[in-house]
Amino acid sequence: MNTRYMLGNEVIAHACLEAEMDFASGYPGTPSSEVIDYLRHQKDREFYVEWSVNEKVAFENALAAAWTGIRSLVTMKHVGLNVAADPLLTSAYTGVTGGFVILSADDPYAHSSQNEQDSRRYALFAKIPCLDPATVREAHSMMKAAFEISEEVGLPVLFRPTTRICHSKSDVDLGVPGTGHRTGEFVRNPQQYVVIPVHTRMLHKKLNDKQPGLAKMLVEVGFNTAEVRGKTAIITGGIAAAYAEELISEGVSFAKVGAYPIDPEWLKAFVDQHDTVLVIEELSPVIEEAVRMAATTTVVHGKMDGHLPLEGELSPAAVAQAMASAGFTPTKTYPVVTPEAGVPARPPLLCAGCGHRAVFYAMRKVFKDGIFPSDIGCYTLGIQLNVVDTTICMGASITVGSGIAQSGETRPVVCTIGDSTFLHTGIQGLLNAVYNGANMIVIILDNRITAMTGHQPNPNTGVTATGVASPPVSIEAICRSCGAPWVETVSSYDLTGLLQALQTAKERDGVKVIVARQPCVIDARRSGIRRKPYVVDPEACTGCGLCVKFGCPAIEFHDDKAVITSLCSGCSVCADICPVGAIHKGGAK
């Protein structure tokens, strides 16, 4: 046994190695990304691993691998499960032969997400098991067990860590990576894998028939536990269980739900022994709904009567407050925390030298009254530069832009989307916009990497997840194949070229595509590519502030003069903006 202090996602990945997993696929998304990142770089076990172009593709790859009898994993964040929802719901009907685990990492409080949806709802919807770890250590044991449970019941298993599990660290007793390997063999069975209506009706009944035994099995494996200590009780699950265990008083019964579906008989037997129950869980009242259905005379408190919020993540202080409001006495209390006065806000910013900033600057110069739909990625931070009007989900910038353009709106529509996002779900939107004759501009911000989630490669990068060289796709060729009549490529650092391309696009009708290309500045630095930094000539600087308004964090203002700090990456755009030529490369004018 090897005890190590590790990040939750790394622990989860190591558990997959111990479980002798042979196939892993996923699409990067915080807080899930480090699982595949760990698996693709580790040297302890050989298996197939890929970053897929989107979650639906990743899901179907891993599902097919499980059909051949090997153990497979697919990873994504909670909103990615929306993209994979189509195969998810049907995979419960087809079932699996090898263990198949779907890791969907939830993000309570939306630290880096556009919503706070609860993946447990998808498991209940699909009628598949869901494992909800309360600690990093439990995440390790649950992930190992998930493959075994999947094979025992012949169903996919949804594994639902949250941000605090994924990105916390803990001492964990690790096992040894497995040395056994299975060989995939697909056995033809049209009645199981061809979901035409006549097969679907039969498969649905089989799925329903599994539910009672499945619920009882999850109690037997020990993930759902209960201890009666008095006439009041706390029922909890996930990370909230760890908080509640720290605060629960003696004489208060405690039940922890770590696996779904919940056995109604087990739950009712516990609930009916108590006068009052408080249910503590993050996001949706999944446990609470089951408790209220099970209760006969027991008073039930939780989210549905206002003792806990329906949104955001919990904390020990929030749990203590909820316990007190419901008549339970927590063993600890927490002082009210108020922000320190006078501390300036530190919102997320585009990096110094990020090529997206110059594109946004040029957009504002050319389109004073434009409408700017955008997408999911670093460039969403363009909202601070007033060039992001909408953001919904991956790939939606082009489709939202097309919808606005076709609505009768006369102002120009200029949408922005990243290279990875375009390959994820943007292509269909472009095809639709061209096919239906939308009048709009599509700017593809090509930084050659999936940057915001940790610089994972994509089909545009030139290497696979494991570093094997792969022919980079041509975004321009894809756009022309979609029928776009005008496609122009320009460097994101070429401000003059950007302004010219945008002005030309403004004067044309139909769908116009501009590929603004410049490698991510952070990834370039990691690769050893460095540009000479720029400096400000204080005697020439007039203090007009245009360079500061550009928004680069490397430019500051001191004594009514601009100053460029050591953050400068040498992109040169500020020199192009300066109206008096006061900015030049360091060392010479």
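Here are some questions and answers about this predicted model.

Me: Is helix H11 largely enclosed or left open by the rest of the structure?
Reply: Let's start with the residues themselves: Ile 239, Ala 240, Ala 241, Ala 242, Tyr 243, Ala 244 and Leu 247 in H11 are buried. That makes seven of the nine residues of H11, so the helix is largely enclosed.

Me: Which elements do the buried residues of H11 pack against?
Reply: H11 covers residues 239-247, and Tyr 243 is one of its buried residues. The buried residues of H11 pack against helix H8, strands E10, E11 and E13, and helix H14.

Me: At roughly what angle do the axes of H11 and H14 cross?
Reply: H14 spans residues 316-325, and its axis comes within 9 Å of the axis of H11. The crossing is right-handed. The angle between the axes is roughly 65°.

Me: Within what arc do the buried residues of H14 fall?
Reply: The buried residues in H14 are Val 319, Ala 320, Ala 322 and Met 323. They line one face of the helix, because, seen down the axis of H14, they fall within an arc of 165°.

Me: Is Ala 134 buried or exposed?
Reply: Ala 134 is found in the loop between strand E6 and helix H7. Leaving aside neighbours within four places in sequence, it is in contact with Ile 165, Gly 238, Ile 239, Ala 241, Ala 242 and Lys 256. Its relative accessibility is 3%, so Ala 134 counts as buried.

Me: How far apart are the C-alpha atoms of Val 413 and Gly 370?
Reply: Val 413 lies in the loop between helix H16 and strand E15, and it counts as buried at 3% relative accessibility. Its contacts beyond four places in sequence include Ile 371 and Pro 373. Val 413 and Gly 370 are 43 residues apart along the chain, and their C-alpha atoms are separated by 5.9 Å.

Me: Which residue has its backbone nitrogen 3.1 Å from a polar atom of the side chain of Asn 54?
Reply: Asn 54 sits in the loop between strand E3 and helix H3. It counts as buried, at 9% relative accessibility. H3 spans residues 55-67, and the backbone nitrogen in question belongs to Lys 56.

Me: What is omega for the cis peptide bond that joins Tyr 260 and Pro 261?
Reply: Pro 261 lies in the loop between strand E12 and helix H12. The bond joining Tyr 260 to Pro 261 is cis, and its omega is about 5°.

Me: Is Asp 559 buried or exposed?
Reply: Asp 559 lies in the loop between strands E20 and E21. Its phi is positive, near 50°, in a residue other than glycine. With a relative accessibility of 74%, Asp 559 counts as exposed.

Note on methods
Residues are numbered from 1 along each chain as its sequence is written. This is a predicted model: local features need pLDDT of at least 70, side-chain atom pairs count only at pLDDT 80 or more; totals for chains, interfaces and linings use all residues. Side-chain values use heavy atoms; hydrogens and water are left out. Axes are lines fitted to C-alpha atoms, for helices over the stretch in contact, and angles run from 0 to 180 degrees between N-to-C directions. Helices (H or I, at least four residues) and strands (E, at least two) are DSSP runs, numbered from the N terminus. A crossing is left-handed if the near helix is turned anticlockwise from the far one by less than a right angle, and right-handed if clockwise. Buried means under 20% relative accessible area, exposed over 50%, partly exposed in between (1.4 Å probe, protein chains only). The arc is that of the directions from the helix axis to the C-beta atoms. A polar contact is a pair of N or O atoms within 3.5 Å; within protein, one must be able to donate a hydrogen and the other to accept it, and residues adjacent in sequence count only if both atoms are side-chain atoms. Contact means heavy atoms within 4.5 Å.
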